[in-house]
Structure formats: C-alpha cells, structure tokens
Amino acid sequence: PIVFTADDNSAGGWEGIRFNTSSDYGDASSLMEHCVVEKGVYGIMVVKTDTPTLQDVELNDCTEWPLYLYACDLIPTSNVSASGNPDNRAYYAGPITEDRTIDEASWTSLEVVFGNVTIYSVSNPTLTVEAGSELRFLPGTLLDVAYYVSSVHNNYRGGLHAVGTTE
C-alpha cells in the first residue's frame, strides 16, 4: 500500500489529507486505493466536495476523527477501515447550502455519526435522506432546517425530505 504518515511517527504529527471545495472542479477527480493514512490529527477531511473515492483505505492512529465529512454528500467508499483512533467512526457536520443526499444505508464502510447540520440558503436547498438510513447525532447537536438571522431580519430557507418505508 501507499502510506501517508507523520515524519516524527507520533499520533497527531501532521494534519492529514484534506479534499477541499475546488478539488472536484472541471474534470478533476481523486481516487485513493490501497492506502494507509495514519498518525494525523484527522485522517481524511472532505470539505464541500463530492470527491474522493476511497477503496481499500485504512485510517489509523489519528488524534481526532479518521474521516471528517463537512457539508458534502457521503463520498463513494469501499472497504474503508479505521483503528486506533479515539472514535473509529466517520464524522459528518456543517451547513447544507445546496441540494445534498445522504444514503447512509448503502454506505457500508464506517459507521457515521453526525454533529450540527444546518440546511439553509437563499436558494432553498433540500437535504434528502434515503429510506433505510439511520442518522445518529452526538449529544448536544442538532439538525437545523432553515435559519433566521435576527440582526439582518433575513430568513434562510431549507428543506428536509426524509421518506422512509414501513419496514
């Protein structure tokens, strides 16, 4: 495998890998296959983008979340594992300012835990949660649909579509 690790061999010895907003512009795409990411503050951070694809990736010995997803779809994964981290789950949080879909039921790599998620924008974005998904939120967090800023008397709209099945 390809190994990404800290030079000083200590957990938290580097920040980790971040895929940021512009990492999917134009024809850009990212694939990590047969890789080990270890000893970062985070393993992999995905911020407001729908890339990378992760296949056969190990996320080990990070001091924070091994996979941190911020305001994005659940990225394509296959056989992603995490060990030796304070919490071996993926963490998802952030503002939803454009239409997004969470299909947690078909996302089989790591369990996902949610922090604060706010759905809002003047463009009226919708968060769609597919049937069969189970969204687990950390204590003290919330899923906030729409947002009002009293100082400027501005309502930011947003919607939630969560239609399950009887089974």
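## Parallel sheet and salt-bridge network

V3 has V36 as its bridge partner in β3. The structure is a predicted model, in which local features need pLDDT of at least 70, side-chain atom pairs count only at pLDDT 80 or more, and totals for chains, interfaces and linings use all residues. Residues are numbered from 1 along each chain as its sequence is written, and side-chain values use heavy atoms, with hydrogens and water left out.

Let us stay with the sheet for a moment. β1 and strand β3 (residues 31-38) run parallel and share three bridges; two strands pair if DSSP finds at least two bridges between them. Strands here are DSSP runs (E, at least two residues), numbered from the N terminus. The open sheet has four strands in the order β1-β3-β5-β7, with parallel pairing. β1 (2-4) and β7 stand at the edges with a single partner strand each, so one side of each has no neighbour in the sheet. On average, neighbouring strands of this sheet are turned by 20° against each other, direction ignored; the axes are lines fitted to C-alpha atoms, and angles run from 0 to 180 degrees between N-to-C directions.

Now to the charged side chains. A salt bridge is a side-chain nitrogen of Lys or Arg within 4 Å of a carboxyl oxygen of Asp or Glu, and this rule gives five salt bridges. D87, R89, E111, E134 and R136 are linked in a network of them. The table shows some of the pairs.

| Salt bridge | N to O distance |
|---|---|
| R89 and D87 | 2.8 Å |
| E111 and R89 | 3.7 Å |
| E111 and R136 | 3.9 Å |

E111 lies in the loop between β9 and β10 and R136 in strand β12 (residues 136-137), so this pair ties together parts 25 residues apart in sequence. How exposed are these residues? R89 is partly exposed because its relative accessibility is 22%, and E111 is partly exposed at 38%. R136 is also partly exposed, at 44%. The term sits between buried (under 20% relative accessible area) and exposed (over 50%), with a 1.4 Å probe and protein chains only.

Finally, a nonpolar surface patch of about 270 Å² is made by F137, L143, V145 and L160. Patches are made of residues with over 30% relative accessible area and no salt bridge, nonpolar side chains being joined within 5 Å and like charges within 9 Å. Accessible areas come from the Shrake-Rupley method with a 1.4 Å probe. L143 belongs to strand β13 (residues 143-145).
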